[in-house]
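Please read them with the structure open.

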Amino acid sequence: MTKVVIIDEDDKICAHVVSHTGAEHRRLANLVMLQALEQAGLSFDEISYVIATGYGRINVPFADRQITELTCHARGIASFFPGVRLAIDIGGQDAKGLKIKDGRLIDFVMNDKCAAGTGRFLEVIAAALGLKVEDLGEISLKSTKKVSISSTCTVFAEMEVIARLSEGVLLEDVVAGLHDANANRVARMVRRLKVEPDVVFTGGVAKNTGMIKALQDNLKCEVFVPEDPLLSGAIGAAILAREQTLEAMKKGELVQRGERRLEEATFFK
Amino acid sequence: MSWYMGIDIGSESSKGVITNDGDLKARHLLPSGSNYRLTAEQLREELLARMNLSPEDITCTVATGQGSGNVSFSNQQVTDIRCCAKGINHIFPSVRTVIDVQGRSSQVIRLNERGQVINFSVSEKCAAGSGRFLHVIANVLQVKLEDIGPLSLKSENPVTFTTGCAVFGESEAITRVAEGIPKEDILAGVHKALADKVSALIDRVGLEEQCAISSGGGLNIGLIKSIEERLGVPLMVPPEPQFVTALGAAVIAAVEQAGKK
């Protein structure tokens, strides 16, 4: 997903747009930007500073600077939860644990090599069961007796699910077991950072209420989720952009902008 | 005349053999299905019928594999690692390392001249470390499993799989197909990726020649070549690699019996 957030000098959000990145949209980050400008009622020149982040951050020709998603996430999350010590971000392709102190990133762990423990795990299982991925969480919460599912491999978990269902196990108990397996995988990864409260959960998978519960059960502590868990990276980038602008102003200088081109990214040149 | 039976109930397929004086007399393979108990009974029935024997004629039966607990007629259960070592030792006495690539896991076993296990390492429960990865990619490419090995050998430009996960690997394969990459290059790439996982298992226990391959992986010439290339040593391939572990079970049955006398 591509997300654009515009904030004012008081960190108030003036516009936010979330759109599928897809194969073509990656080239078209400028269109998402235009939507956000329209929402805020601003022209592009009025934006003091633009920071791009995420996997596709180099494909944003109108950005003044690129900053890694880890730094931006940490900054964004700390803006809504100042007491955050551990952030767990689970997206469609990877999962990250961020250790944060006083709003700054001090360590991280990451899994981008294995589908287990990421949103992809849930997508594969939803497809196998003929369910919508956004319905999985609610279904899992109906369970009173979750079954145990292997947490180490998506492919084998998918086979296990079909076997359990053919044995007559209830769908909600299987789905609850899957959330537990996926959360268990993530919990084992983030324990390397030593879990301390507050724990905050972000990324697209944080919209899944079943995963929130499963993470709480596995980590044995409360897990906070921001109002829009997809936006924390973009919000962090915007806050960093504002800080950079204010710093320059304090020195009585104008912030150094990049060579902005509000057009589609070009590849393969 | 003493007859012995070995039954290997695997995750994908179940294998049974009958031996006599150390010679393999009958073998049979069935899909494991969802009722292992029934599959084991069917294996026994078929094997006995072929040899014109009755259940009482079998002196001792050893069961092995992940479903060995479901073989109600067995006299003993033995791990598939021990059976595989014994089986390969029976076929190739000079082998000291056997690479066992099964449907849902892989293992590397070091053994001595008597077929006893010295050390072993087993893959995690990870599809990318087992024959399942090959199934997944063969399915994407719509190539029959038995054809993927020979087809992969035609490749001149194997693709590189970046993640070591069968799910992400499946997406990568689809992307490569969309880019117009030939099937053989994608297949050669998946064999290489699996060979890398096998190689990581070997790093844990060490490699001593001679080296052999067993189970379903031993039927795939593409995988054999990839592992040979990765390790830099030739692999000995038994004539029917899927039956090595069941044969080992029957050999152990005979040894146990001899010990009792």
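**Notes on the predicted model**

1. Start with the domains of chain A. The C-alpha centres of domain 1 of chain A and domain 2 of chain A are 29 Å apart. Domain 1 is built from two stretches of chain A, 2-72 and 231-250. Domain 2 covers 82-224. Bear in mind that this is a predicted model.

2. Next, the overall dimensions. The C-alpha trace of chain A spans about 70 × 40 × 30 Å along its principal axes. Its radius of gyration is 20 Å. A compact globule of 269 residues would have a value near 18 Å, so chain A agrees with that expectation.

3. Secondary structure of chain A. The count is nine helices and nine strands. Five strands of chain A form an open sheet with mixed pairing. Their order is E7-E6-E5-E8-E9.

4. Which strands stand at the edges of this sheet? They are E7 (104-111) and E9 (223-224) of chain A. Each has a single partner strand, so one side of each is left without a neighbour in the sheet.

5. Look inside the sheet at E5 (residues 86-90) and E8 (residues 199-202) of chain A. These two strands run parallel and are joined by four bridges. For a landmark, take Ala87(A), which stands opposite Val200(A) in E8(A).

6. Now a helix pair in chain B. The axes of H2 (residues 80-91) and H8 (residues 244-260) of chain B come within 7 Å. They cross at roughly 90°. Angles of 65 to 115 degrees count as roughly perpendicular, and H2(B) and H8(B) are therefore roughly perpendicular to each other.

7. Who makes that contact? From H2(B), the residues include Cys83(B), Cys84(B), Ala85(B), Ile88(B) and Ile91(B), along with Asp80(B), Arg82(B) and Lys86(B). H8(B) contributes, among others, Val244(B), Leu247(B), Ala249(B), Val251(B) and Ile252(B). By type, the residues of the contact of H2(B) with H8(B) divide into ten nonpolar, four polar and three charged.

8. Finally, the contact between the chains. How many residues does each chain give? Chain B supplies 14 residues and chain A supplies 13 residues. On the side of chain B, helix H3 (131-141) and helix H5 (166-178) are the elements that give two or more residues. The largest share of that side, three residues, comes from H5(B). The residues on the side of chain B that touches chain A divide into seven nonpolar, three polar and four charged.

Note on methods: Residues numbered from 1 in each chain as written. Chains lettered and ligands numbered in written order. Predicted model: local features only at pLDDT ≥ 70, side-chain atom pairs only at ≥ 80, totals over all residues. Domains from an automatic or database assignment. Axes fitted to C-alpha atoms, helices over the stretch in contact; angles between N-to-C directions. Parallel < 35°, antiparallel > 145°, perpendicular 65-115°, else oblique. Contact = placed C-beta atoms within 7 Å. Nonpolar A, V, L, I, M, F, W, Y, C, P; charged D, E, K, R; others polar. Pairing = 2+ DSSP bridges. Rg over C-alpha atoms; globule rule 2.2 N^0.38 Å.
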